[in-house]
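I opened my notebook to look up a few things here. I start with one residue, then step back to the whole chain.

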Amino acid sequence: MVVTRAEFAVKAAIAGLVTEQEAENWAGGTSLPSIITTALLAITDDTERLQARIHALTADDVHRDSPIIAMAQASLGLSDAQVDALFN
C-alpha cells in the first residue's frame, strides 16, 4: 500500500496522531512530526538516522512496508489495522 506524503499527513492528523500544524509542515516538506522524529531515535547510527530523517521529509510517497512506518507503529503501540487505515 502506498499513499502520497500529503495524504498520509492528512490521515495521520484526522486519526489524532499528529497536529494539523505538524501535518501541514510534513506535507510541505518543512519539518517532521514528533511521532516520526521519536520513532527515528531507534536508529542508533547517526548517519543512518540522518538518512532516514531526510527520506521521511522528502519522499513523495509513504509505503506501508517502510521501516519508518514500522518504527512509528512500534513507538506508538498501534495495531496493524490502525496503521492499515492510514493507507486506505
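This is a predicted model: local features need pLDDT of at least 70, side-chain atom pairs count only at pLDDT 80 or more; totals for chains, interfaces and linings use all residues.

Glutamate 22 is buried yet makes no salt bridge. A salt bridge would need a side-chain nitrogen of Lys or Arg within 4 Å of a carboxyl oxygen. The nearest side chain of opposite charge is arginine 53, and arginine 53 is 14 Å away.

Where does glutamate 22 sit? I found glutamate 22 in helix H2, which covers residues 20–27. Next I checked what glutamate 22 touches beyond its neighbours within four places in sequence. The contacts are Pro33 and Ser34.

Then I turned to the charges of the whole protein. I noted 5 positive and 12 negative charges. Their mean positions lie 2 Å apart.

Next came the fold. I listed six helices and two strands. From the N terminus, the order reads β-α-α-α-α-β-α-α.

I also looked up the overall dimensions. The C-alpha trace spans about 30 × 25 × 20 Å along its principal axes. The radius of gyration is 12 Å, which agrees with the value near 12 Å for a compact globule of 88 residues.

Last, I checked packing and surface. Of the 88 residues, 35% count as buried; glutamate 22 is one of the buried residues. Among contacts between residues at least 6 apart in sequence, 57% join residues at least 24 apart. The protein exposes about 5000 Å². Carbon and sulfur atoms supply 55% of that area.

How values were computed. Residues are numbered from 1 along each chain as its sequence is written. Side-chain values use heavy atoms; hydrogens and water are left out. Helices (H or I, at least four residues) and strands (E, at least two) are DSSP runs, numbered from the N terminus. Buried means under 20% relative accessible area, exposed over 50%, partly exposed in between (1.4 Å probe, protein chains only). Lys and Arg count as positive and Asp and Glu as negative; His and the chain ends are not counted. Contact means heavy atoms within 4.5 Å. The radius of gyration is taken over C-alpha atoms; the globule rule is 2.2 Å times the number of residues to the power 0.38. Accessible areas come from the Shrake-Rupley method with a 1.4 Å probe; for residues, only the protein chains shown count as cover. The place of a charge is taken as NZ of Lys, CZ of Arg, CG of Asp or CD of Glu.
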